[in-house]
Amino acid sequence: MSFKSKGEQSTGSFVSKKWTFLLCLGCFCAGMLFTNRMGTIPETEGIMRTTAVEAEELKLISEGCNLNAKEEKHVSKDIIGEVFKTHHAIQALDKTISNLEMELAAARAAQESLLSGSPLSTGVSRAESSRKRKYVMVIGINTAFSSRKRRDSVRATWMPQGEKRKKLEDEKGIIVRFVIGHSVTTGGILDRAIEAEDKKHGDFLRLDHVEGYLELSAKTKIYFATAVALWDADFYVKVDDDVHVNIATLGETLVRHRKKPRVYIGCMKSGPVLSQKGVRYHEPEHWKFGESGNKYFRHATGQLYAISKELASYISINQHVLHKYANEDVSLGSWFIGLDVEHIDDRRLCCGTPPDCEWKAQAGNICVASFDWTCSGICRSADRIKEVHRRCGEGENALWSATF
């Protein structure tokens, strides 16, 4: 009995220890599993929360960047707008300054004419009323004290006189004047002769300028400055008193270029620079044009040319710094070098005398101006211009029926 009891106790004790060990091991594993799961969840949630926060921050940063970009774009547009406004304001200011300078030039011309007592004062006294209307062109006929016969021949041919000249100004908007300065001895016999002639015909524009062949560049400069101060015109024309002109054809030619702000119209040439002393058209400053044998830059021949108002105003404003060369046509061309000027080469402004201009008129291509190249004008113009007018003139009706 005792032996059996002892064996049973031994077996039960063994089983109990074995199961106890397995139970402990299972609990340990379960505990480890439970601990790992509990530790993992908070970390994941933390990461998720961190990611959400960072995403929110990134969203705010992105929105901030977009906002800044929009603000910068808006600011950029504002800056561009201000730049355009400033540019327009500067342009308006430049235009105002230009107008004031032109008015100042007119006032100076009036003051100088009053001081000198020249007939220009009569024209300047009407300057304000004249500037209220727009003229098509001002034709200045360059003349000298010794050219009375030439002037009379022009008056007898292509230049209207008396009431017709007034009608030409009022109805057609065309001003025609003989352009002359004064003698070295102001008020002398030469000046008195011009004053008497002007009193008879009333067709002079007197300049504050001392007449002289070597002063033609200065005279041209003063003519444009004075004309633009007196009359508001689309074009300003210079022509010599030994050239025949068809006024209607000239006007029709010029108005084709009316919309161009800076235009220079004439028969363009590029003659040789003459360095030899004593010859006609000698250029004392020949060295400025390069080596011997070089040619001038392209410029209009001096017998007749026209410039637009903006160029005449440019000459008026800058006349004190514009350089004068020996030849006035070269001087005028040099004043436009470097400017945005359109040069118009129109050969109808330099036709020859009959039969050249006559053949062209018969072919329907009427010339604007006619002269002889060998004489730089019509040879013996006082005697021959009537014949040129008869054979090459456009006819009086052409002028009064023309519309500009």
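Q: Which helices and strands each supply at least two residues of the lining of the largest pocket?

A: Rolling a probe the size of a water molecule over the atoms shows where empty space is left. In this predicted model, the elements that each supply at least two residues of the lining of the largest pocket are α7, β4, β7 and α10. The volume of that pocket is about 1,100 Å³, and of the 42 residues that line it, those closest to its centre are Y213, L216, R280, Y281 and E328.

Q: In what order do the strands of the open sheet lie?

A: Strands of a sheet pair through backbone hydrogen bonds, either parallel or antiparallel. Here seven strands form an open sheet with mixed pairing, and reading across it gives the order β3-β2-β1-β4-β7-β6-β8. Because β3 (204-210) and β8 (342-345) stand at the edges with a single partner strand each, one side of each is left without a neighbour in the sheet. Neighbouring strands of this sheet are turned against each other by 25° on average, direction ignored.

Q: In which sense do β6 and β8 pair, parallel or antiparallel?

A: Strand β6 (residues 263-269) pairs with β8 in the parallel sense, over four bridges, and one place to look is I265, whose bridge partner in β8 is I344.

Q: Which strands does helix α10 touch where it packs on the sheet?

A: Helix α10 (residues 328-335) touches β4, β6 and β7, and its direction makes about 35° with that of β7. Helix α8 (residues 247-255), for its part, lies across β1 (135-142), β2 (174-182), β4 (233-240), β6 and β7 (299-308), and runs at about 125° to β1.

Q: What span should the 15 residues of helix α7 have at 1.5 Å a residue?

A: The expected span of a helix is 1.5 Å times one less than its number of residues, so helix α7 (residues 216-230) should span 21 Å, and this agrees with its end C-alpha atoms, which are 21 Å apart. Helix α7 is also mostly covered, since 14 of its 15 residues are buried.

Q: Is F224 buried or exposed?

A: Buried means under 20% relative accessible area; F224, whose place is in helix α7, has a relative accessible area of 0%, and therefore counts as buried. Leaving aside residues up to four places away in sequence, F224 touches Y236, K238, Y305, I307, A312, I315 and L332. The C-alpha atoms of F224 and L311 are separated by 9.1 Å, although these two residues are 87 residues apart along the chain.

Methods
Residues numbered from 1 in each chain as written. Predicted model: local features only at pLDDT ≥ 70, side-chain atom pairs only at ≥ 80, totals over all residues. Heavy atoms only, no water. Pairing = 2+ DSSP bridges. Axes fitted to C-alpha atoms, helices over the stretch in contact; angles between N-to-C directions. Contact = heavy atoms within 4.5 Å. Buried < 20%, exposed > 50% of the residue type's maximum accessible area, 1.4 Å probe, protein only. 1 Å grid on protein atoms, 1.4 Å probe; cavity = no way out; pocket = protein on both sides within 12 Å on 5 of 7 lines; lining within 4 Å. Points joined across faces, edges and corners; volume = space filled by probe spheres on them.
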